Every structure is written in C-alpha cells, then in structure tokens.
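Here is a short note to read alongside the model. Keep the sequence and the 3D view open as you go.

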Amino acid sequence: MKKKIGVYICHCGGNISDYVDVEKVRQAIENEEGVSLAKTTIFACSDSNQKDMVADINTNQLDGVVVASCSPKLHLITFRNVCERANLNKYNYVHANIREQVSWAHSDDKLGATEKAIHIVKAAIAKVRYAESLEPNKIVAQKAVAIIGGGVAGMKAAIALSDKDCPVYLIEREFFIGGRVAQWDTMFTTNETGKEVVTKLYNNLILRPNVTIFTGAEVIKNVGSIGDFKLKVKIAPRYIKDKCKEGNLQKAIDACPVVLPDEFNFNITTRKAIYHNFPSEYPQSPVIDIKNCTRCGKCEQICENIDFSQKEEILDINVGSVLMATGFDPYTPKDGEFGYNEVDNVVTLPQFKRMIELSDKKLLFKEKEVKNIAYIYCVGSRQAEGENTYCSRYCCTSAIHSSLLVKKKFANIYNYHFTRGIRTYGKQEVLYAESSQQGDIYMQSYEDALPIVSRINDKTIVKINDILTGGKEITVEADLIVLVTGMVPRADNSVGALFKLPKGRDNFFNEIHMKLRPVETFIDGVTISGACQGPKNIMESANSALSAATKSYSYISKGILETEPIVAVVDKNACSWCNSCSEACPFDAISKIEIGEKTIASINNAVCKGCGMCLPVCPTDAIDLIAYSSKEIESMIDSLI
Amino acid sequence: MAEKNMKSAKILVFSTEKISDPAIDMAGLLKLHYPPTVYTITVPCSSGIKSRWIMHAYEKGFDGVFIAADGSDCIFGESCTEKTGHIVSRTHELMKQNKIEPARLKMAAICSVCSESFVKQIKSFNEYLLKNSNS
C-alpha cells in the first residue's frame, strides 16, 4: 500500500475549473489515506508543472502519483514520463479524467460536477494505493511497415520509411498506382499534373530495393498486434505476363469487343475489358477486367503475353506497424440533388476536371458547346440536413482552379459561382483573387436557401437569392452545371474493420487527438495518413504521410518494443485447473502446469494480451489482471459511492 | 435501492479503454449532458468484467450498473459479444439470488463514436432506475 501519494488537480486553463471547484476537490482529498501532497495547478501538462512534479516526487519521496485532468488518451504517457524522470516506476501513476467525463459532460451542473470529480479523484487514489512497480513487456518488433493504399500519401510514406532503411510493403487495391491524384490534370501551386507527381514518386520508389509494391492487392486478414502484425494479402492476377509490345497492346485493346463505363474518367467515357487508365500509367502493363471479360479470345490472338491461366495469390506478410493511406471517394450526389441525374447537363467537379483534360479546342458536353458554366458549391459538404456536416476543404480551391483552367483552355467561357462562402485558405486565396479579377461572377447563399436548378423551355436555369446583393434574386442560364462535390470516406473501407480502426463522426478514420497525437489511432501500431483521415489537399496529405511514417517507424526502429505489462496472474492456491480460463482465452496464452501434486493454470506472458476474458469464467476466482485486480476495482467502487 | 425521490440514480459504468471510453470522452467534448452521478471504471475489455465487481457495486449502494460493451468492435476478438452476454446472464442469476432486480444491470454495445447512443442509453437507464425506486 502506498503511503506517500502526490495528487495534482488541474484547472486546464478554465476547461475544468470553470465548472469544477478544484480547490474544493483538493480539500476533499488531501486527508485521504496515503495522500501526502495535494496541489492544484493551472496546466498540469505544462513544462513548469512537470518540473515541479519531478521535484515534488524527489523531495517528498512520493511512491504514487495521481493527476486529475483531461482524458488519459492525451496525457497518461506525459505523466508516466514525469514519474520516470523522477526515478519513480511509471506504473505507480494513475490518471483521473475530470475534464471529458466531468467538467465538459456536466457543465450544466457545477455542484454535481464538483461532487463527481471528488469521487473520481478518490477512486484514482484508491487504485494507486495498490499500484505496483512493473517492467514493460519487451517483444521483438518486426522491422517492416505495411502501407495500405498506393496514392500520393502512401507513396510519400513509403519513400520516407525507405529513407530510414525500413523495409516497406506498399499494398494498392487498384491495379495502378497513384490513387485520386492520377486523375487530376494541372494542380495549384506548381502547375504539375497529377500524373507527373505520381510518375515522379513511382520512379523514385522502384529504385529502392527495400520497397515492395503490390497492385491489385488487398489485405484480407490481420492477426497479431503492434510489433507483429501477420497480414494475408490477396493478389489478383493481371492476366498479362509482361508488357505487351506497344503496337500489339493497342491492337489487343482495339480488338476487345467489350465496352464499359470508364471509372477512371468518372464514367464520362468508356473503356474496354482490357485496359489501362492512361498510356503512361504505372505499372506500365494493362490489366484484364476479368469480371466483364467475355473470354472471346480476340486479344489472345493478337498479343502473346495475355495469359488467362494466371491465378490469384495469397501472400503472408509480417510487419511491425501498419500505415493506412486508403484515401477518399468523391461525393456522389443523390438523384435530383441540384438536378443530378435528372437534368441533362449536370456533372460533378471530378467529372468536369476530366472533361477539361480530355477536351480539345472546344469544351463540348453531349456534343453541344459549353460557354456558360454554373458552379454550385458545397454539394455533399456542410450539409444542414445530411450526414456530411464537415467542410471538405479542397473543393473551393479545386473548383476555382478548374474555372481558371477552363477559361484559359477554351474561348468564350463565362463562370458563375454559386457559393456558401469561399474557403480558399492560405496561398489558395491567390486563385480566388485571380478568378475575381478576370470577371468570374460570385454569388452566395445560406444553407437554408440553396440555389435551385430547374429546366425551363429546354434551358437549364440556376436561381439564387444572392446575399452579396442584399438577397436579390439572380438567375443564370447555364450550358453546364458543375456540382462542386466534397470528399467522403471510401465506400469500401472494410480494411479499416480488419484492424478495428475507430471512425470519427464524419466516418473517416479517427486519430487519437487532432493536435497532440494526429496520426496515431487507438489501435497500437496502426497509423493513419492522408484523406482516409478526413478531407485534405495534396500538401496536407503528404505532410500527414511523413508524420505517420515517422510514427510508424518509431514503433519498430529499436527492434524491441515495450508493451504494457498488463497480463493475467493466477493465484496458485485458489486455482484447481478446470480448463475454463484456457477455453476462454482467444490467444492460447493459458496452459496447465504441474506444481507438486497440483495442476494449475499457467499464463504465457509473452502471448497474453491482457484482455481479461479468463477472469470472469474462473469458478474459484483464481485469476486477476495486473492493474485491474479485484482489490483495485472494488476499492475504486467503494470510493465512487 | 438508493433513497427515494432522488434527482438522478447512481450508475456505475464499466467502459473499455479502446472502444467505449473514447465515446464517453466524446460525449463530454460535445457537451452532451447526462446525470453527474454516472461514474466510469475503465477496463481493457467488457468480457473481462467479473460478476463480483457488479455485485459489489450493488452492495455498496449503486442503483444500476451499465456495461458499455465493445460489441463487434472488440480488438481482442469476435467472441467478446458472446462472452460479455454470458457475464450478464451469470450476474442476473446472482442478482436474482440476492433479490436484486435484474433490470438494474444493463448492457449495450457502445462503439468509439457512439457518444449520442451512450447518453441516450444512460438517460433512459436513469429514468428507469428512478421510476423503479419511486414505485
């Protein structure tokens, strides 16, 4: 039992103390058994307070520490490190959450919040009394990282990890590398095309012997945990042995009788069952869409490298960390949403961008020349009624950039922007200024009075009550309506479920904390980067990819990984081996051993994950979990009542 | 059962470190209010909760116990839902033996973003417990 416990109660600026009387909490706990020091502090996590804590621990020879502050997800490690710096074993630290679960949750009831905070701090003190000095488990960490998603974020992360001499497996579900960026033409601010960016990254990657790229590959199983993820990767065949001779390839494509909507061009064009998205795409080998191939054999007759005997492969990969970079999908408007799929000349921004790239001399839509273009913003983003309440961040810039491009490339184009307020943050504001200066018309409405698209006498009309001109009703006759659609999570995000990755309220993968732990997830060893985490532009995606690569590498760089020493322990006297615990254990961590004439359960600490599933099934209550023992839990319950 | 005419029932929540605790934290972040007499003890997994802990809570005066279960999101395996269900069944038997109304133990799967669901469940459980205590 601890006899010299130090307790720190944090104001968190006013986040806690505006609703919880922290001084009252301090007074209520200062005479608790074992407490020898009780302080309040404005910011417990500040450097100055951390230094004070180290001094307090040393001066007062504290043997247990409690900090009552924010969620332990944010600062448990911070204060454990403080203990270590003061030469106190870090497992003698207990964290009490009086912000997320007290001051914020009960900001409507200050008395109730203060009373609850007192009980929670008392419970933490009760727990720390029983805390023991422990040593973290040490496991061998596989020095390799699997990156799931071969877009710009995935490729940037792969290069960063390769630079650190870390083997990388880059796993891309599609048959070609590059993700969404490959679908983009020139980009702000460099005027590089998406294809050029992808090519540059790919050419860099293929020179690296420690990077293995899989395309048409999908993770289908994940077993293990941080330091030792065992992945099963399914590789779909391309049905092509190697690169076809250039002439033969085109002849084989031309000969294919199957015509399908081309998803790469968002279905505004068609492709064949043997295809590549664009001529220089990586890997520079086409693929056969076997689901839609009729096996007519015409391509086989032309190209000797077509091989329908290729089979699906299953590979086993063992890595220490997994970096998710699975990207986003563009929002698909619902039928009728601003005339989508009901009015002929309504397209989405991604379709429009492909149209600009694929059109030459004249911008044609359904064989009719386009001159007046109406852009309707925030489609699928900032929804007042709908799932996507968030701003997709990139779409204002992308729409304005596209409107500038279209005006430069084609003559007599007039752009009309129906906005909800332009959000071209940072340097992107330059584009907005340029667009305004060249005569684009900007109108704005609130969320409760969105523009209306209607078809009147064979004309497509967009109507708005423009708040920039005092609510004046303005109508525009448009040859083409571009719905400026935002980003949504991938429709098929099943790979996230394989890793049990939590999602945020926006349904993108969720980080632990957007500022303090921005690429870490609640699943140890799995990091997230790029637009799978939420809407981002390329620069932001690349930055998060570098951050995630560094974090993933930090898990495995030493080759040895420290994990929580939370394992089950067996009371040898109480155990009389009945096999219940062994049957309940999902990790086969429990076996029987003979001690003298007695058979009892034995825990393999290297395998035990500390789930506690063996605890409640024991008929003699002979198993406890370190740090969650019955005496700790019950003493906490005693303090909470 | 606790004193009658109380404003809110005393509820002990067993939440899980990786799954339901983030949801409860987010409820606070979103200022989704629930009674301040709801206390949380965090465990690694809902299928590791001992019946004796739950019984201890009733013995000490908690009106209700709520298991914010991992459900199918459990990081330790797919058997979690079934095993947590068994814990509830076993504890219900113990409650009956001790003449404690089984409905005072409630379990619901709370995912890492189920903040609104958590608050809704807790409010409804609180109302049930209050109604039951006054009847």
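The numbered points below go from the whole chains down to one residue.

1. **Ground rules.** This is a predicted model, so local features need pLDDT of at least 70, side-chain atom pairs count only at pLDDT 80 or more, and totals for chains, interfaces and linings use all residues. Residues are numbered from 1 along each chain as its sequence is written, while chains are lettered from A and ligands numbered from 1 in the order in which they are written.

2. **Chain A overall.** Chain A has 16 helices and 34 strands. Helices (H or I, at least four residues) and strands (E, at least two) are DSSP runs, numbered from the N terminus. The C-alpha trace of chain A spans about 85 × 70 × 40 Å along its principal axes. Of its 641 residues, 47% count as buried. A residue is buried if 20 or more other C-beta atoms lie within 10 Å of its own, exposed if 12 or fewer, and partly exposed in between; the C-beta atoms are placed from the backbone.

3. **Domains of chain A.** There is a domain 1 (5-134), a domain 3 (237-311), a domain 4 (330-488) and a domain 5 (568-625). Domain 2 is written in pieces: 137-235 + 312-327 + 494-559. These bounds come from an automatic or database domain assignment. The C-alpha centres of domain 1 and domain 3 of chain A lie 64 Å apart.

4. **Chain B overall.** Chain B has 4 helices and 4 strands. Along the sequence they follow the pattern β-α-β-α-β-α-β-α. The radius of gyration of chain B is 14 Å, close to the 14 Å that the globule rule gives for 135 residues, so chain B is as compact as a globular protein of that length. (The radius is taken over C-alpha atoms; the rule is 2.2 Å times the number of residues to the power 0.38.) The C-alpha atoms of chain B fill a box of roughly 40 × 35 × 20 Å, taken along the principal axes. Buried residues make up 59% of the 135 residues.

5. **Contacts along the sequence.** Two residues are in contact if their C-beta atoms, placed from the backbone, lie within 7 Å. Take contacts between residues at least 6 apart in sequence. In chain B, 81% of these join residues at least 24 apart. In chain A, the figure is 71%.

6. **Where the chains meet.** How many residues of chain B are in contact with chain A? The count is 40 residues of chain B, against 45 residues of chain A. On the chain B side, helix H1 (20-29), strand E2 (38-43), helix H2 (51-60) and helix H3 (80-97) each give two or more residues. By class, that side has 20 nonpolar, 11 polar and 9 charged residues. Here Ala, Val, Leu, Ile, Met, Phe, Trp, Tyr, Cys and Pro count as nonpolar, Asp, Glu, Lys and Arg as charged, and the others, Gly among them, as polar.

7. **The core.** A nonpolar core is a set of buried Ala, Val, Leu, Ile, Met, Phe, Trp, Tyr and Cys residues joined through C-beta atoms within 7 Å. The largest one has 237 residues, and A:Val66, A:Val121 and A:Ile147 touch the most other members. Helix H5 (residues 110-129) of chain A gives the most to this core, with 10 residues. Not counting residues up to four places away in sequence, A:Val121 touches A:Val7, A:Ile9 and A:Val66, among others.

8. **A covered strand.** Strand E27 (residues 480-485) of chain A has 6 of its 6 residues buried. A:Leu480, A:Val482 and A:Val484 cover one side, with A:Ile481, A:Leu483 and A:Thr485 on the other. Two strands pair if DSSP finds at least two bridges between them. Strand E18 (residues 346-348) of chain A pairs with E27(A) in the parallel sense over 3 bridges; A:Val347 stands opposite A:Val482. Strand E21 (residues 372-379) of chain A also runs parallel to E27(A), joined by 5 bridges; A:Ile376 stands opposite A:Leu483.

9. **An antiparallel set.** Strands E9 (residues 217-225) and E10 (residues 228-235) of chain A run antiparallel, with 8 bridges. They form a hairpin with 2 residues between them, and A:Gly227 in the turn has a positive phi of about 90 degrees. E10(A) is also joined by 7 bridges to strand E15 (residues 313-319) of chain A, again antiparallel.

10. **One residue to check.** A:Lys551 is in helix H14 (residues 538-556) of chain A. Is A:Lys551 buried or partly exposed? A:Lys551 is partly exposed, with 19 other C-beta atoms within 10 Å.
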